[in-house]
Amino acid sequence: MTASEGPLRVELHSHTHASPDCGLAPQRLIGLLQARGIDAIAGTDHNTMAGAFEMAEIAPLPVILSDEIK
């Protein structure tokens, strides 16, 4: 999707099973976000980028590699 096609819907704070407060595998999270019409995602696990890297390998949508540093 490009800006000329309309606004992008981006989830900027998503945890995966790499964070202790979330049990979602990256594939499941991606499916849920796609079902809600999200166009891109930022993986923001606690003190690790492992989940973001996992998502980037399998996601059909753009993944922003990030980390929630505590």
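Let me begin with a convention: helices (H or I, at least four residues) and strands (E, at least two) are taken here as DSSP runs and numbered from the N terminus. What you see is a predicted model, in which local features need pLDDT of at least 70 and side-chain atom pairs count only at pLDDT 80 or more, while totals for chains, interfaces and linings use all residues. Residues are numbered from 1 along each chain as its sequence is written, and side-chain values use heavy atoms, with hydrogens and water left out.

I will start with the sheet. It is an open sheet of 3 strands, in the order β1-β2-β3, with parallel pairing, where two strands pair if DSSP finds at least two bridges between them. Because β1 (10–14) and β3 (63–65) stand at the edges with a single partner strand each, one side of each is left without a neighbour in the sheet. From one strand to the next the twist averages 20°, and α2 packs on the sheet, touching β2 and β3, with its direction making about 150° with that of β3. For these angles, axes are lines fitted to C-alpha atoms, for helices over the stretch in contact, and the angles run from 0 to 180 degrees between N-to-C directions.

Between β1 and β2 there are 3 bridges, and Val-10 stands opposite Ala-40 in β2; β2 and β3 are likewise joined by 3 bridges, with Gly-43 opposite Leu-65 in β3. In a regular strand the side chains alternate between the two faces of the sheet. In β2, Ala-40 and Ala-42 point one way and Ile-41 and Gly-43 the other, and all are buried, which means under 20% relative accessible area, with exposed being over 50% and partly exposed in between (1.4 Å probe, protein chains only).

Next, the loop between β2 (40–43) and α2 (50–58), where Asp-45 is placed.

Ser-14, for its part, is found in strand β1 and counts as buried at 6% relative accessibility; among the residues it touches are Leu-29, Ile-41 and Asp-45.

In that loop between β2 and α2 we also find Asn-47, which is partly exposed, with a relative accessible area of 45%. Most residues other than glycine have a negative phi. The phi of Asn-47, however, is near 60°, a positive value in a residue other than glycine.

Finally, Ile-38 lies in the loop between α1 (26–35) and β2, and at 14% relative accessibility it counts as buried. Ile-38 and Leu-8 are 30 residues apart in sequence, yet 7.7 Å apart in space, C-alpha to C-alpha. Leaving aside neighbours within four places in sequence, the contacts of Ile-38 are Arg-9, Val-10, Glu-11, Leu-33 and Leu-61.

Definitions and conventions. Contact = heavy atoms within 4.5 Å.
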